Every structure is written in structure tokens, then in C-alpha cells.
Amino acid sequence: MFTHKKTKLHGKELAVQISYYILEAVVLVVFILLFIPGVNPARISEKINRNISLFTSGFFYSVFTNTLHVLLRKSWAKEAFLADYLSAMAAVISILAVCAGGVLSFGNNKCRRKGNILILCGSAACALSMAGIRKSYTMLLAGAVENDAAGKAKPVFPSAVYFELTVMALLFVIACICLFLTPSPVKKEKYKFDPPKQLFMMLLPFLVLVILFCYLPLWGLRYAFYNYHPGDTLSKNNFVGLYWFTFLFKNPATVKDIIRVLRNTLAMSGLGIATSWCPMLFAMFLAEIRSTTARRVIQTLTTIPNFISWVLVYAIAVCIFSTDGFISSLMVHSGVWSQGVNMLMNGSHIWLKMLAWGMWKGLGWSAIMYIAAITGIDQQLYEAATVDGAGRFQKMWHITLPELIPTYMVLLLLSIAGMLSNGLEQYYCFRNTANADSIEVLDLYVYLLGLGSGNPSIPLSTVVGFIKSLVSVALLFGANAISKVVRGENIV
């Protein structure tokens with residue numbers, strides 16, 4: 001019998017491992033800083049949007065100069081901002097090179113040494129680009145003073161330059177240490193990653209996307225504690241603490257809106273949960289179709305609507321149910337109706353209509369998981385049932401359905417945890433004056449409150465979204481507790 005012995009690291013090996021842990025941590029910090037607007041060293045003027053990051057400043061010139069149209073008419077300002085943009089681009093490319101070197105540090109010695117060299121070159125190039133940004137600020141300041149336009153250009157010293165230089169210097173030193181400690185590669189050694197690290201490398205792009213789009217936006221929760229208006233700066237002057245949290249419950253109009261929106265949200269989520277068994281039933285009947293061609297055609301036709309955007313779905317609905325749509329034209333020409341009727345402007349039974357559109361769009365896609373679960377059922381169970389004389393419906397009832405129940409329960413509990421998250425695309429597209437009160441769910445309310453109204457309230461919408469997230473987390477753990485009691489299994 002083979003036994004697995006853990007190898008202990010000693011001396012130089014331990015130092016190498018610790019050095020690379022520190023190197024990878026610093027590279028991760030550098031990558032995250034690339035997307036944080038508050039530490040954007042390329043913001044050399046108050047005219048530059050304070051909400052854009054270094055990544056945006058270096059790769060999107062139109063966004064970077066969106067607020068600089070007047071200044072760009074001046075040659076001295078245009079030269080300074082162009083130099084700033086090019087320096088920011090060089091900084092972004094250098095940081096991406098550093099990140100690539102950090103990725104190579106997961107490989108063997110040959111990968112590590114190449115990665116260290118890449119990090120050394122990238123950090124040095126980034127330091128030079130910071131000097132270019134500093135020079136751009138000097139050019140802007142000199143031009144503003146010379147042309148008596150300091151009030152228009154509003155130069156601001158990019159203090160984040162020194163922060164970036166400090167981080168890059170630290171990275172350069174650590175990379176030098178790692179390069180010194182890493183043994184030279186064996187002759188003809190190939191670039192190689194260990195299997196666990198290969199799997200991690202495959203997962204890494206998705207982890208980056210999750211960090212950028214799920215965790216990094218959490219930094220925006222700070223708006224809930226400020227009296228913020230678009231274009232303002234967050235400072236001690238507009239800090240209001242928990243004012244917006246109390247305002248949410250003290251204002252009768254806001255309380256009334258919240259109750260109405262919660263009613264719509266819970267009603268539509270409840271209808272979705274009540275019909276959550278439909279994809280499972282559809283998958284069961286689909287699996288019973290003997291013809292492989294017919295089964296594939298049906299599955300394809302029912303899955304395609306999931307990839308159609310809600311804007312196109314609404315366009316289809318207009319072609320069918322509007323005043324000049326297919327149904328109205330048919331009824332008018334056949335003499336049943338005297339004039340066309342716009343059925344989309346009818347606010348009655350709007351919850352059921354949204355449920356129907358949602359089921360049409362997502363039925364086939366939701367059934368995929370159940371179809372996969374059906375393929376994993378032991379075929380010997382069906383063979384034994386056939387020997388015992390069971391028919392097709394008996395096999396479905398006594399074998400297929402019990403085998404799908406665990407999958408259904410997990411998805412059901414996750415649906416309960418996400419009751420407050422209906423999304424906004426469907427409801428935003430179908431919303432009109434006739435059904436606005438009944439179709440407005442919580443996500444749509446947050447969007448309209450913060451961005452979609454004439455008098456946006458970003459702090460209040462942030463508070464509502466923050467409370468919704470807390471309630472969703474509570475529902476998730478509540479559903480997990482129910483699962484543990486009922487099924488003896490956790491979903492979290």
C-alpha cells in the first residue's frame with residue numbers, strides 16, 4: 001500500500017515559496033488598483049472625470065477626454081492631455097505585463113524566471129510612465145500659468161503617482177529576490193504548470209471577472225452615507241451618516257413606494273416559484289421522445305429564446321399585440337373588432353403576462369440541468385422496472401421524478417434565496433403608463449430611483465439596493481437552514 005508523505009520545505013525552498021507568495025499578492029493588488037478610480041494617477045486636472053480608473057484612462061480616449069472638449073481647443077492643453085493619455089496607456093500595458101509575469105510564477109522554474117524578467121521590465125516601464133504622467137502635469141501647469149488659464153485647466157497634482165511608484169519599487173525588489181532565489185532551469189526544460197495549477201489558470205479569468213463585476217462594485221456602497229449628487233465629490237462636507245437609511249422609513253411617499261414595489265416583486269417571484277416545476281416536467285417528457293432528431297429539434301427551438309434579448313422580445317410582442325399588430329389586424333379584417341386594440345397598454349393581469357413571457361423565454365434553458373440529471377440516472381433502474389412490467393408513465397413517476405427531486409430542491413431553495421432579485425430588463429421593456437404600478441419590481445425601482453428619473457437620488461437607491469442585498473443574504477442562509485432540516489444537506 002502506498003502512503004502519501006507531505007514534504008517539508010527547508011531553507012532556500014521555503015524562502016522561495018514565501019517570496020513568490022508575496023510577489024503574487026502584490027501583483028494582485030497592482031491589478032486591482034488598475035480599476036479603482038480613487039487611485040488614478042492619470043487625473044492631472046479636476047476637469048478629468050474622477051470616476052474613471054487608470055485602465056479607462058489608458059484605453060478609452062473618448063471617455064478620458066469626455067469633459068475636456070473646451071480645453072482641447074488649446075494647443076498647450078491638448079499636448080499635455082495627449083501626453084498624459086499616452087503615459088496612462090503605457091502604464092496599463094506595463095501593469096498587464098506585470099500581471100502576465102505573476103501568472104507565469106505559478107509554473108516551473110523556467111516559467112518563474114521568465115515571469116520575473118517580465119515583472120522587472122513591466123515595473124520599470126510603469127515607473128517610466130509615471131514619470132511621463134508627472135511631466136504631463138508639469139506641461140499642463142506651465143501652459144495654464146503662461147496663458148492665465150489656471151481656473152479653466154484646474155491642474156491637480158497626481159499624488160497617486162508616488163503611490164504607484166512605491167508599489168512598483170516594491171514589486172521590482174521582490175522580483176529581483178525571486179529571480180535570485182529561483183534555480184536555473186534544466187537544459188531543454190519546457191514551460192510547464194502542475195495539473196492543479198493548470199486548473200487554477202483555467203479558472204483565473206472567471207475569478208477576475210467575478211472580482212471586477214461582483215466585488216469591486218461593492219465600493220460604491222459608500223454613496224449611501226453621503227448627500228451625493230452627480231458630479232459632486234465625496235468629502236466630510238456632504239457626509240450624512242445614516243440619514244438616508246432613516247429617510248427611507250420616515251418619508252411616507254417612499255414607504256408607500258417600497259410597499260408597492262415589494263408587493264410586485266414578491267408576487268412575481270412567488271409565481272415563478274409556484275411554476276418552477278415546469279422545466280423539470282418538460283425535461284421528463286422531452287427525455288421520453290424516442291426520435292433523437294425530434295428531441296434535438298424541440299430542445300433547440302425551446303432553448304433559442306433564452307439568447308434573445310428582452311428588447312427583441314418586446315419588439316416581437318409589439319408586432320403581435322400592438323394596435324397594428326398581427327392579432328389586431330386579423331380581428332379587424334375578419335370583422336370581429338371595429339378597430340385595432342393595443343393589448344400591451346392593458347395593465348390587467350400583468351403579473352401573469354410577465355410570467356408567461358418569462359416561461360416562454362426560459363423554459364428550454366431551465367430544463368437543461370434536469371436533462372443532464374436524467375442522463376445520469378442509472379439505466380439498470382429502468383431495465384428492472386421494465387422486467388417488473390412498469391409502463392412509461394410508471395417509470396417517470398417512480399424513477400425519473402424521485403431522481404430529479406434533489407436537483408429540484410436545490411434550485412428551489414436558491415430561487416427562494418433570490419426572491420428579491422427579479423432583474424429589470426424584462427420589466428423595463430414592457431413598462432408603460434398603464435401598467436407602471438403593477439410591473440415595477442425592486443430592481444427596476446432601484447434603477448429608476450438612481451438613474452432613470454429626472455431627479456435622481458443615487459444615495460437613496462444605493463440604500464435600497466444595500467438593504468435588498470442584506471435581505472437576500474438572509475434568505476439564502478434561511479433557505480440553507482431549511483435544506484439542512486428537511487433534506488439533511490447544505491446548499492452553501
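This is a predicted model: local features need pLDDT of at least 70, side-chain atom pairs count only at pLDDT 80 or more; totals for chains, interfaces and linings use all residues.

Trainee: Why is Thr400 called buried?
Mentor: Buried means under 20% relative accessible area, exposed over 50%, and partly exposed in between (1.4 Å probe, protein chains only). Thr400 has a relative accessible area of 3%, so it is buried. It sits in helix H17 (residues 392–417); helices here are DSSP runs of H or I with at least four residues, numbered from the N terminus.

Trainee: What makes the Thr400 and Tyr382 side chains a polar contact?
Mentor: The definition asks for a pair of N or O atoms within 3.5 Å; within protein, one must be able to donate a hydrogen and the other to accept it, and residues adjacent in sequence count only if both atoms are side-chain atoms. The Thr400 and Tyr382 side chains are joined at 2.7 Å. Leaving aside neighbours within four places in sequence, Thr400 is in contact (heavy atoms within 4.5 Å) with Met284, Ile374, Ile377, Tyr382 and Lys395.

Trainee: Is Ser87 buried or exposed?
Mentor: Ser87 comes out at 11% relative accessibility, so it counts as buried. Ser87 is in helix H4 (residues 75–104), and a polar atom of its side chain lies 2.8 Å from the backbone oxygen of Ala83. Not counting residues up to four places away in sequence, Ser87 touches Ser129, Gly132, Ile133 and Ser136.

Trainee: Now charges. How do you know that Asp443 and Lys468 form a salt bridge?
Mentor: A salt bridge is a side-chain nitrogen of Lys or Arg within 4 Å of a carboxyl oxygen of Asp or Glu. The N to O distance for Asp443 and Lys468 is 2.7 Å, and their side chains meet in a salt bridge. Asp443 lies in helix H20 and Lys468 in helix H21, so the pair ties together parts that are 25 residues apart in sequence. Both residues are buried.

Trainee: How many salt bridges does the structure hold?
Mentor: Four. Another one is Glu288 with Arg392, 3.5 Å from N to O. That pair links distant parts of the chain, 104 residues apart: Glu288 is in the loop between helix H11 (278–287) and helix H12 (292–303), and Arg392 is in helix H17. Glu288 is buried at 16% relative accessibility, whereas Arg392 is partly exposed at 39%.

Trainee: What separates Arg260 and Asp257 in helix H10?
Mentor: About one helical turn, because they are three residues apart in H10. Arg260 counts as buried at 17%, while Asp257 is partly exposed at 27%. Asp257, Arg260 and Glu440 are also linked in a network of salt bridges.

Trainee: How do you know what span is expected for helix H21?
Mentor: The expected span is 1.5 Å times one less than the number of residues. H21 (residues 458–486) has 29 residues, and its 41 Å from first C-alpha to last is close to the 42 Å expected. Its buried residues include Pro459, Leu460 and Lys468, and what covers the buried residues of H21 includes helix H9 (243–250), helix H10 (252–274), H17 and helix H20 (442–452). Gly488, with a positive phi near 75 degrees, follows H21.

Trainee: Which residues other than glycine have a positive phi?
Mentor: Among them are Lys154, with phi near 50 degrees, and His349, with phi of about 55 degrees. Lys154 is in the loop between helix H6 (150–153) and helix H7 (160–181), and is partly exposed at 35%. His349 lies in the loop between helix H14 (326–333) and helix H15 (350–375); at 59% it counts as exposed.

Trainee: Last one: why is Phe213 called exposed?
Mentor: Because its relative accessible area is 62%. Phe213 lies in helix H8 (residues 195–215).

Key: Residues are numbered from 1 along each chain as its sequence is written. Side-chain values use heavy atoms; hydrogens and water are left out. Helices (H or I, at least four residues) and strands (E, at least two) are DSSP runs, numbered from the N terminus.
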